[in-house]
Amino acid sequence: MALQLKTFDEYKTAYQRSVEDPEGFWADIASTFHWDKKWDKVLEWEFKTPDVKWFSGGQTNITYNCLDRHLATRGDQTAILFEPNDTEGEVRKLTYRELYHEVCRTANALKSMGVEKGDRVCFYMPMVPELAIGVLACARIGAVHSVVFAGFSASSLADRINDSACKVVICSDFNRRGAKNIPVKKVVDEALALGCPSIEKVLVHRNTGDPLNWNKEKDVWWHEALYDQATTCEPAVMDAEDMLFILYTSGSTGKPKGVVHTVGGYMVFAMYSFLNVFQYKEGEIYWCTADVGWITGHSYIVYGPLLAGATSLMFEGVPTYPDAGRFWQVCEKHKVNIFYTAPTAIRALMAAGDRWTEGYDLSSLRVLGTVGEPINAEAWHWYNEKIGKKKCPIVDTWWQTETGGILISPLAGLTPLKPTYATLPLPGVQPCLVDADGHELEGDGVEGMLCIKFPWPSIIRTTYGDHERCRQTYFSTFKNMYFTGDGARRDESGMYRIIGRVDDVINVSGHRIGTAEVENAINEHEAVVESAVVGYPHDIKGQGIYAYVITDRPVGDLVVFEKELRNTVTRIIGPIAKPDVIQVVTGLPKTRSGKIMRRILRKVAAGDTENLGDTSTLLNPEVVDEIKEGAKGVVA
């Protein structure tokens with residue numbers, strides 16, 4: 001069986017086999033990897049507890065499959081291509097052989113610091129190659145990495161360190177981000193001052209060389225720790241179900257959930273999904289703009305591409321520095337073939353104006369991708385026309401931290417495309433739609449809650465230290481199903497469109513309206529950059545629709561503008577979806593990963609502004625007060 005599907009018919013055949021004979025299907029895929037010992041059983045599972053095991057008894061090391069097995073055939077090929085924050089900065093190219101040596105040196109340094117198999121290591125670093133090297137070094141020796149996005153507050157960092165009792169923190173001195181130098185080590189110091197008793201050492205990578213405080217008892221320079229370390233390190237033999245990493249995701253209760261992924265199943269699915277979704281070809285340059293602090297960076301900057309022997313571009317900067325043409329300048333400079341980014345970034349660049357896309361040679365681009373949220377139609381078409389020149393398939397990928405890899409997406413150039421639709425599940429993924437009572441909705445042209453009724457190899461295994469929370473969050477809502485928390489629509493051809501979180505569906509006079517759908521319509525207005533829609537209590541309708549809208553120009557006549565918006569929504573969806581309240585804002589409260597915090601917007605819309613919870617970890621906490629103040633002047 002081919003590892004990479006080449007036609008839509010091949011996809012359909014593979015999908016059918018993956019449903020009828022999942023164990024045989026995944027055994028064939030897994031057999032293409034190096035195993036020190038073959039598995040005893042492909043799959044054991046039940047969702048009640050839950051308890052899922054893939055490739056039980058199998059032994060391997062994911063870094064052997066990322067690095068060692070490529071050395072004979074592509075040792076001199078670039079594995080990681082680093083584009084720095086500053087346009088005049090040094091571009092770094094690490095070949096597979098060089099990356100192998102650096103990972104081994106770092107692994108040996110960690111061992112010399114007392115890090116052992118099973119120990120947890122926290123990363124709080126910018127997007128530099130040393131982050132990928134450090135992550136792989138942990139996996140090399142069987143330590144569990146926990147990467148925290150280097151933008152979270154000291155308090156949030158301390159919470160994550162303490163939840164998993166990390167032994168070492170690895171950070172940089174400073175983080176270059178746009179025109180700023182952000183004091184990363186200082187935040188780590190503040191976190192430790194709050195109380196992190198498990199931390200024994202802080203390993204510091206010299207990124208900028210700016211002055212910083214130093215604790216001789218705990219702090220160790222990266223370059224000094226690696227000095228004289230051997231360039232080989234025997235990979236730890238790991239069981240397929242040994243823990244590979246913990247990645248924290250926001251919980252509805254406010255306490256972050258430590259999502260646990262294990263070695264074997266994650267390895268198999270990361271490479272399989274990478275090869276098939278992006279249809280990667282030997283020698284291509286692949287660029288995912290995400291941060292390794294998020295699951296996208298884990299699966300589709302580090303593990304997926306390296307397992308597949310690809311060249312993965314790491315970018316330290318931001319899309320708008322030094323100007324809004326930076327992404328396209330990088331694509332031209334490195335002749336990028338596959339480009340994978342977030343709709344948030346696309347909308348921001350779209351708002352900056354088409355002139356920033358002009359003058360760049362984007363002819364190398366072959367595949368475009370989106371990740372993080374459903375992409376609205378206007379952004380999809382702009383991306384298709386201005387960046388892809390209508391020649392590049394757009395893979396609108398749906399997945400989650402908990403899924404480990406992409407579950408529903410077009411396969412580039414194979415799957416028929418439909419704007420705003422994630423289209424079809426990957427082989428091995430069995431989605432279904434259910435109603436509020438958990439009854440599966442058969443047939444096409446239906447809308448409901450998105451569940452998965454059979455395990456895939458990279459499914460979440462537990463939430464660290466609290467398995468009951470894992471059960472309650474994902475497996476207790478509907479019997480024998482993984483509940484994604486998202487609503488979705490399956491059209492007449494069986495394609496899936498993600499509507500948004502189930503709590504982002506508004507019930508207006510008995511009609512269920514997806515917030516993403518209303519936002520999509522509002523965003524069609526020529527003056528709108530971005531919008532967020534929430535429900536609020538309405539005396540007559542039960543729930544009304546409250547829209548927060550960002551414009552690309554000052555609104556002259558507010559009454560005329562609001563009428564235009566309502567007419568636009570009426571035209572695209574119908575009068576039932578017209579916003580009752582429209583508030584023009586300069587920004588929306590977002591998490592560091594770019595997701596809109598609708599919980600805050602719902603409370604403001606409902607007039608409940610006294611207890612908005614912790615807003616300090618937001619990307620832009622200052623916008624919350626502005627929204628609260630502005631809400632006083634809007635008319636329902």
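This is a predicted model: local features need pLDDT of at least 70, side-chain atom pairs count only at pLDDT 80 or more; totals for chains, interfaces and linings use all residues.
Residues are numbered from 1 along each chain as its sequence is written, and side-chain values use heavy atoms, with hydrogens and water left out.

Strands are DSSP runs (E, at least two residues) numbered from the N terminus, and two of them pair if DSSP finds at least two bridges between them. The pairings are set out below.

| Strands | Bridges | Sense |
|---|---|---|
| β15 and β23 (residues 462–463) | two bridges | antiparallel |
| β14 (residues 243–249) and β15 | six bridges | antiparallel |
| β4 (residues 78–83) and β5 | four bridges | antiparallel |

Strand β15 (residues 257–262) is mostly covered, six of its six residues being buried, where buried means under 20% relative accessible area with a 1.4 Å probe and protein chains only. In a regular strand, side chains alternate between the two faces of the sheet. From β15, K257, V259 and H261 point one way, whereas G258, V260 and T262 point the other way, and all are buried. T262 in β15 is also the bridge partner of M243.

Elsewhere, seven strands make up an open sheet of mixed pairing, in the order β5-β4-β17-β16-β18-β19-β20. Because β5 (92–95) and β20 (394–396) stand at the edges with a single partner strand each, one side of each is left without a neighbour in the sheet. In β5, L94 stands opposite I80.

How values were computed: Buried means under 20% relative accessible area, exposed over 50%, partly exposed in between (1.4 Å probe, protein chains only).
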